[in-house]
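Here is a short note to read beside the model. Keep the sequence and the 3D view open as you go through the points.

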Amino acid sequence: MPDSKKDIERKKKDMIEKLKSGELIAHAGPPLASHEFFWEHLSRIKYSNDQYQPFVQCQLCYEILSYSISNGTSTISSHVTNCLDKSNQIKKE
Ligand SMILES: [Zn+2]
């Protein structure tokens with residue numbers, strides 16, 4: 001059974017709390033062998049014991065996004081592209 005949408009939302013909130021408490025760490029930097037531009041704006045989420053979680057945090061809007069290697073990077077790359085567009089628009093105004 002895949003996680004329901006509600007479960008994922010709850011997990012994301014839980015992640016934000018754990019990041020605040022220091023139980024989880026937002027680790028900047030791409031996974032090994034990945035050099036794609038959007039990793040500059042994403043941090044991977046891990047426990048202090050180096051256990052990576054299937055989530056990343058956008059450093060532009062601080063939103064938690066689901067990420068797993070098997071799902072590919074199209075969701076997170078399009079998120080970063082959107083966020084960059086938004087921040088560029090703000091600068092122009
Ligand atoms: Zn974002």
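Is I8 buried, exposed or partly exposed, and why?

1. **I8.** Burial is judged by counting other C-beta atoms, placed from the backbone, within 10 Å of a residue's own: 20 or more is buried, 12 or fewer is exposed, and in between is partly exposed. I8 is partly exposed because 14 other C-beta atoms lie within 10 Å. I8 sits in helix α1, residues 5-21. E40 is 32 residues away from I8 in sequence, and the C-alpha atoms of the two are 24 Å apart.

2. **Ground rules.** This is a predicted model, where local features need pLDDT of at least 70 and side-chain atom pairs count only at pLDDT 80 or more, while totals for chains, interfaces and linings use all residues. Residues are numbered from 1 along each chain as its sequence is written.

3. **Overall layout.** The chain has 2 helices and 4 strands. Helices (H or I, at least four residues) and strands (E, at least two) are DSSP runs, numbered from the N terminus. In sequence order the pattern is α-β-β-β-β-α.

4. **Size.** The C-alpha atoms fill a box of roughly 40 × 30 × 30 Å along the principal axes. The radius of gyration is taken over C-alpha atoms, and the globule rule is 2.2 Å times the number of residues to the power 0.38. For 93 residues a compact globule would come near 12 Å; the chain has 14 Å, which agrees. Buried residues are 13% of the 93.

5. **β1 with β2.** Two strands pair if DSSP finds at least two bridges between them. Strand β1 (residues 24-28) and β2 run antiparallel, joined by 5 bridges. H27 stands opposite R44 in β2.

6. **β2 with β3.** These strands are antiparallel too, over 4 bridges. S43 has Q57 in β3 as its bridge partner. The hairpin has 4 residues between the strands, and D50 takes a positive phi near 75°.

7. **β3 with β4.** Strand β4 covers residues 64-66 and pairs with β3 in the antiparallel sense over 3 bridges. V56 stands opposite L65 in β4. This hairpin has 5 residues between its strands, and Y62 in the turn has a positive phi of about 65°.

8. **The core.** Which residues form the largest nonpolar core? There are 9: L24, L42, I45, F55, V56, I64, Y67, I76 and V80. The elements giving two or more residues to this core are β2 (42-47), β3 (52-58) and α2 (74-92). A nonpolar core is a set of buried Ala, Val, Leu, Ile, Met, Phe, Trp, Tyr and Cys residues joined through C-beta atoms within 7 Å. In soluble globular proteins, nonpolar side chains tend to be buried together.

9. Contact means C-beta atoms, placed from the backbone, within 7 Å. Setting aside neighbours within four places in sequence, V56 is in contact with L42, S43, R44, I45, L65, Y67 and I76.

10. **The record.** UniProt, in an unreviewed entry, places the feature "domain: BED-type" at residues 38-81. Such annotations may be inferred rather than shown by experiment. Over residues 38-81 the chain is 18% helix and 36% strand, and the end C-alpha atoms are 8 Å apart.

Definitions and conventions
Two residues are in contact if their C-beta atoms, placed from the backbone, lie within 7 Å.
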